[in-house]
Amino acid sequence: MDIVRFVKNWTLPISMVTGALSYFIYVNIPQLAPTRPVVSELINYVQPSLIFCMLFLTFCKVKPAQLKPKKWFLKLALFQGGLFTLMGLYLAACPDTPLRLVTEGAMLCIICPTATACAVVTMRLGGDAAIVTTYTIFINLLVSLLAPVVLPIAHPQAGISFLPAFYTIIHKVFPLLICPLLAAWFVRYALPSLHQYLLKFKDLAFYLWAIALALAIAITCKSLMHTDGSIWDILGIALVSAICCLIQFVYGKWVGKKVGYKIEGGQMLGQKNTVFIIWLGYTFLSPATTIAGGCYSVWHNLMNTWQLYQKRKADELAAKKLS
């Protein structure tokens, strides 16, 4: 029972360590080298499938009527969009700046939309999944409109303009966000008995996220090991991603606290879709900026681990007082 309790209490760090160890063990076994293309292709299918199932189970708990945008969402969106645009204009004005890679890394960390798993972690922290889901949809739409405008200005590339970039981003983001939402609503209204059955699996979405996280950390390790950046680039991007993570959690909590959604505000702004950061950097910016997604994945999951620990301590204290 102690082992089971330990795994439940420290699911996220266990998942992170498992993902990292699995990657380094796998790539250092020469006999498995021929399987790498197959495994890589398999992960490309398994990870989206896990995320789809996780979101589907989470969205089953959210009624369509609960998805109402709030005015205070604009403060978070303006924070993300404003900083992202300013950094993009700086790179356009100073294309040869020695801080290009660090600035591009910061841009990715700021503009990246809320993680699809944010609702799962927010519920675990005692927050409102509907609020987080609404902002996740809203910010993904904003990123799909803003990123194709700013990225070609900050990092000009042949053949990259607004419409191709917009289509590429929409095609990457929305199927995994909208499809599970529509599937959950279909089950809610067309198959109510199945819907009620699925609601019994309270923690399944969280543990599916833990498996997806292990895969994400393995991808992060691969990105770090195959980067073309120097050690100073890596350290600079790691530092700026940590700063961006802290600032966004703090600002999100500050804005959310004013309207009674402190937990939600912090998660909505601080917990990012780090696989999307890696993809966005590789597709539109310098390949070395993919480090930002890997580093941010570590920082925001460490923050989530600490928050879950604090929540568990508070619950235990409250239980003792009641007894």
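View 1. Phe-201 counts as partly exposed because its relative accessible area is 33%, and buried would mean under 20%, exposed over 50%, with partly exposed in between (1.4 Å probe, protein chains only). Tyr-197 gets the label partly exposed too, since its relative accessibility is 46%. A heads-up for every view: this is a predicted model, so local features need pLDDT of at least 70, side-chain atom pairs count only at pLDDT 80 or more, and totals for chains, interfaces and linings use all residues. Numbering starts from 1 along each chain as its sequence is written, and side-chain values use heavy atoms, with hydrogens and water left out.

**View 2. Aromatic rings that pair up.** The model has nine aromatic pairs, where rings of Phe, Tyr and Trp (its six-membered ring) pair if their centres lie within 6.5 Å, and planes under 30 degrees apart are stacked, over 60 edge-to-face and the rest tilted. One of the pairs joins Phe-73 and Tyr-135 edge-to-face, with 5.3 Å centre to centre and 80 degrees between the planes. Phe-73 sits in helix H4 and Tyr-135 in helix H7, so this pair ties together parts that are 62 residues apart in sequence. (Helices are DSSP runs of H or I with at least four residues, numbered from the N terminus.) Phe-73 counts as buried because its relative accessibility is 2%, and Tyr-135 is buried as well, with a relative accessible area of 0%. Now go back to the residues of View 1: Tyr-197 and Phe-201 also make an edge-to-face aromatic pair, at 5.3 Å centre to centre and 80 degrees between the planes.

**View 3. A gathering of rings.** Phe-73 and Tyr-135 turn up again here, in one aromatic cluster with Trp-72, Phe-138 and Tyr-261.

**View 4. Gln-80, tucked away in H4.** Is Gln-80 buried or exposed? Gln-80 counts as buried, because its relative accessibility is 0%. You'll find Gln-80 in helix H4, which covers residues 73–93. Its side chain reaches the backbone oxygen of Ile-110 at 2.9 Å. If you skip its neighbours within four places in sequence, Gln-80 is in contact (heavy atoms within 4.5 Å) with Ile-110, Ile-111, Cys-112, Tyr-135, Ile-139, Gln-248, Leu-269 and Lys-272.

View 5. How many cavities of 30 Å³ or more does the structure hold? There is one, a cavity being a set of 1 Å grid points where a 1.4 Å probe fits but cannot get out. The largest cavity has about 40 Å³ of space. Helix H3 (36–59), helix H6 (118–124) and helix H7 (129–154) are the elements that give two or more residues to its lining. H7 has the largest share of that lining, three residues. Leu-55, Phe-59, Ala-115, Thr-116, Cys-118, Ala-119, Val-132, Thr-133 and Thr-136 make up the lining, each with an atom within 4 Å of a point. Sorted by class, the lining has six nonpolar residues, three polar and no charged.

**View 6. The second largest pocket.** This pocket has about 320 Å³ of space; a pocket is an open set of points with protein on both sides within 12 Å along at least five of seven lines. It is lined by 14 residues, and the closest to its centre are Asn-9, Arg-124, Leu-308, Arg-312 and Asp-315. Helix H1 (2–9), helix H2 (11–27) and helix H15 (290–322) each give two or more residues to the lining. H15 gives the most, five residues. The classes here are five nonpolar, three polar and six charged residues.

**View 7. Thr-305 on helix H15.** Thr-305 belongs to helix H15. With 12% relative accessibility, Thr-305 counts as buried. Leaving out residues up to four places away in sequence, Thr-305 touches Trp-10, Leu-12 and Pro-13.

**View 8. Two long stretches.** Val-27 lies in helix H2 and is partly exposed at 26% relative accessibility. From Val-27 to Val-132 it is 37 Å in space, C-alpha to C-alpha, and 105 residues in sequence. Leu-163, in helix H8 (residues 162–173), is exposed, with a relative accessible area of 62%. Leu-163 and Tyr-309 lie 44 Å apart in space, C-alpha to C-alpha, and 146 residues apart in sequence.

Key. Grid points are joined across faces, edges and corners, and a volume is the space filled by probe spheres set on the points. Ala, Val, Leu, Ile, Met, Phe, Trp, Tyr, Cys and Pro count as nonpolar, Asp, Glu, Lys and Arg as charged, and the others, Gly among them, as polar. A polar contact is a pair of N or O atoms within 3.5 Å; within protein, one must be able to donate a hydrogen and the other to accept it, and residues adjacent in sequence count only if both atoms are side-chain atoms.
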